[in-house]
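Thanks for coming. I will talk through one model today, and you can follow along on the screen.

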Amino acid sequence: MTASNHRDKEAVIQVRGLVNSFGNSVLHDHIDLDVHRGEVLGVVGGSGAGKSVLLRSIIGLNRPKEGSVEVFGQPTSDDIESPAMRALEMRWGVLFQEGALFSSQTVTENIQVPLREYTSMSQALLDEIAEMKLAMVGLPCETGHKYPSELSGGMKKRAGLARALALDPELLFLDEPTSGLDPISANQFDELIAQLQEILGLTVFLVTHDIDSLRAVTDRIAVLVNKKLVIGTIEELRENKDPWIQDYFSGVRGRAALASMDRPTEEAR
Amino acid sequence: MTSLENAAEPEAWFKLDREGKKLAVGGAWTIAESARLDKELAALDLSGRGSVTIDASKISRLDSAGAWLLLRTRRALGDAKGSDLHLPDLYRPLLESLDQPRKSEPHKARIPPGFRGRLYKIGRTATHTFFQTVSILGYLGRVTVETIEAFAKPKHNLRVAAIFQQIEETGINALPIVGLLSFLIGVVIAYQGITQLRQFGAELLTIDGLGIITLREMGVLMTSIIIAGRSGSAFTAQIGTMRVNQEIDAMQTIGLNTVDTLVLPRIIGLVVALPLLTLYADIMGLLGGAIMCYFDLGVTFPAFMRELQQALHVQTLMVGLIKAPVFAFVIALVGCYEGFQVERNAASVGLLTTRSVVESVFLVIVLDAAFSVMFSVLKI
């Protein structure tokens, strides 16, 4: 197991001394973060704490004030068309909050966009792969012919996930995948992510508000509080003395969501 | 171009043994190799071979695209008994998760192909245009009724502050662009008139022509088109965005009349602002022409004014100005109407804003032609 342990500890994302600020307000104050291969890291924090900005800084959509971000050992930059960034971009998939599907294209065409950009597949194979990805995220075949405006919020997110998975990425970024979904759909989405993560061996960077998601899918949690990151497992964080973290995990919602964890069952997954 | 194809990985391969009973598969079956594998597998004729075993135990890496190709190959071998797939245990869950029967119904295209499709499109456009005309006429009726009600009970229904705000936004704020463009049009008309009429030695008639064209047609038409592009589109975008944000729904649940609060101030504001803008545009156009005449013909400003006075009557000005409130009403009505047609997605706002501008410019020009016909019948 030692070999695989070593592999587990390989940092896929490495953030060092990250500073982000808007105007006079500092959002991130020298943040360090390692995300290891094969783990699911949940990122939580209050509204406006800068969760999404952290994600955007990692994937190169936001240029940080200071600090370095490396993904797969490559520094990321906001020059998204540089060869180095393109090499990274085909190894990760990003699911934005509302799915961010291209509204002028059908779902199938949306899924095929990255495939067309990076491979020279025949149209028949493109269609088969798109159909397979739809099946993977649990959408029926006929969804492929629909336009994003004809889909419900949950379906848009699934379709967005299918597009994020199009190139079989090793690393998946999810920005609040369960926000705006009803609890049943949210649970299904959590299960889907856990399932895909297990089958495909993905590393997942999950930004969320949803304490149920955290319990269901994450290995470790990074809490953005007071411009810094506090990282640990749920159990470790529940011991943390910080008032916001205490509130988050021991408030009414937190307790309810975590109550099932304290029971010695395996149903957590 | 960076491409998945030049990723450094052991090459994927497959080999059929001599008896054709065993397909050995190995290497990295990943998305990077899938395009090539797809072509090569297609070249391999697998039908009617009976049982073929796929031995994938030498696979070093497998992702979902590769797994799909394996799965497809196995399916192509048919349900022939004895066809089997050997795969490292690591990749079994992936393959099993993909290997689910899915009933795929052939997709019926929304628009049938060929001649029927063209017929369908014509019919769809025709019915759509018809219903839209009916709907906009209905809207015109509603706005008319609400306007009368508003003037009957001005205290409650007439939003005076909002009207003045619209006059400022659509009128005063448009002064620079309307003035500049009208001035330039005046320069252009004068220049063309001078060069053409000089051939007949009738350069001075340029001033008459300039005056008549500017006051009767150019001033009001240019202003209306600029305002349709500037304010008509803004009306659609503003109201459309409010619809996307559900602000309109919120107003209705509070009991606010959206025509009173959103439409009437815009219509009344524009109906007041556009004639004033037109007068201003007329002046700027004549000014541009006067400057051109001074430099090209040496006609001084007082001489220009005297010439203009002989050519024009008050009626010439009025013929132009009378059209302005009508155009303003149409531009504002179409702008607001299209704004309310916006559906709850962002793309819809852009689409309807474009449509609003095209429709109002179209209607302005059609109405202008109708006015011309009417004036010529009335011999004005």
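I will go from the domains to a sheet, then to a pair of helices, and end with the contact between the chains.

First, the conventions. This is a predicted model, in which local features need pLDDT of at least 70 and side-chain atom pairs count only at pLDDT 80 or more, while totals for chains, interfaces and linings use all residues. Residues are numbered from 1 along each chain as its sequence is written, and chains are lettered from A and ligands numbered from 1 in the order in which they are written.

Chain B is assigned domain 1 (4-98), domain 2 (106-152) and domain 3 (159-377); such bounds come from an automatic or database domain assignment. Between the C-alpha centres of domain 1 and domain 3 of chain B there are 69 Å.

Now the sheet. In chain B, four strands form an open sheet with mixed pairing, in the order β1-β2-β3-β4. Strands here are DSSP runs of E with at least two residues, helices are runs of H or I with at least four, and both are numbered from the N terminus. Two strands pair if DSSP finds at least two bridges between them. β1 (13-16) and β4 (84-86) of chain B are at the edges with a single partner strand each, so one side of each has no neighbour in the sheet. From one strand to the next, the twist averages 15°. Four bridges join β1(B) to β2 (22-29) of chain B in the antiparallel sense. W13(B) has G26(B) in β2(B) as its bridge partner.

Next, two helices of chain B. How do α12 (314-341) and α13 (346-377) of chain B pack? Their axes are 9 Å apart, at an angle of about 155°. Axes are lines fitted to C-alpha atoms, for helices over the stretch in contact, and angles run from 0 to 180 degrees between N-to-C directions. α12(B) and α13(B) are therefore roughly antiparallel, the word for angles over 145 degrees. The residues that meet include F327(B) and V330(B) in α12(B), and L363(B) and L367(B) in α13(B). By class, the residues of this contact are twelve nonpolar, four polar and five charged.

Last, the chains. Chain A and chain B each put 24 residues into their contact, where contact means C-beta atoms, placed from the backbone, within 7 Å. On the side of chain A, α5(A) gives the largest share, six residues.

How values were computed:
Angles under 35 degrees count as roughly parallel, over 145 as roughly antiparallel, 65 to 115 as roughly perpendicular and the rest as oblique. Two residues are in contact if their C-beta atoms, placed from the backbone, lie within 7 Å. Ala, Val, Leu, Ile, Met, Phe, Trp, Tyr, Cys and Pro count as nonpolar, Asp, Glu, Lys and Arg as charged, and the others, Gly among them, as polar.
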